Amino acid sequence: QVRLVESGGGLAQPGGSLRLSCAASGSIRSIDVMAWYRQAPGKERELVAAITSGGHTNYADSVKGRFTISSDNAKYTVYLQMNSLKPEDTAVYYCNAHITTWRTAVNNYWGQGTQVTVSS
């Protein structure tokens, strides 16, 4: 079984920073892509940022220049450094990964989500 466990959410003031972490564990053979999505109340889940195993990154326009995604491939961990936070960044943030295990082909896995609230 594969698990994705997120940490680092919480409350931040506008202009502040938070750092999210997501660690994958289990019978992992390889991880092709790790990403962060978010879902605000009443809105659809959207891609925030993604990083490939080769280090290529992709960001939503709304977070470019403010958020940075990085990963530690040896630890199967992805990070999201969020700076200059805005109230509109308030959402539940979900970790996502495309993982091949020693028993299955590539599958899409999700973490349980972590709440990020930006408010004064």
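1. Is D61 buried or exposed? D61 is exposed, because its relative accessible area is 63%, where exposed means over 50%, buried under 20% and partly exposed in between, with a 1.4 Å probe and protein chains only. Its partner K64 counts as partly exposed at 49% relative accessibility, and the two form a salt bridge in which the closest N and O atoms are 3.1 Å apart.

2. This is a predicted model, in which local features need pLDDT of at least 70 and side-chain atom pairs count only at pLDDT 80 or more, while totals for chains, interfaces and linings use all residues. Residues are numbered from 1 along each chain as its sequence is written, and side-chain values use heavy atoms, with hydrogens and water left out.

3. The whole structure holds 4 salt bridges, each being a side-chain nitrogen of Lys or Arg within 4 Å of a carboxyl oxygen of Asp or Glu. R38, E46, R66 and D89 are linked in a network of such bridges.

4. D89 lies in the loop between β8 and β9 and R38 in strand β4, so the pair ties together parts 51 residues apart in sequence; strands are DSSP runs (E, at least two residues), numbered from the N terminus. D89 also meets R66 at 2.8 Å, N to O, and both R66 and D89 are buried.

Conventions: Helix = DSSP H or I, 4+ residues; strand = E, 2+ residues; numbered from the N terminus.
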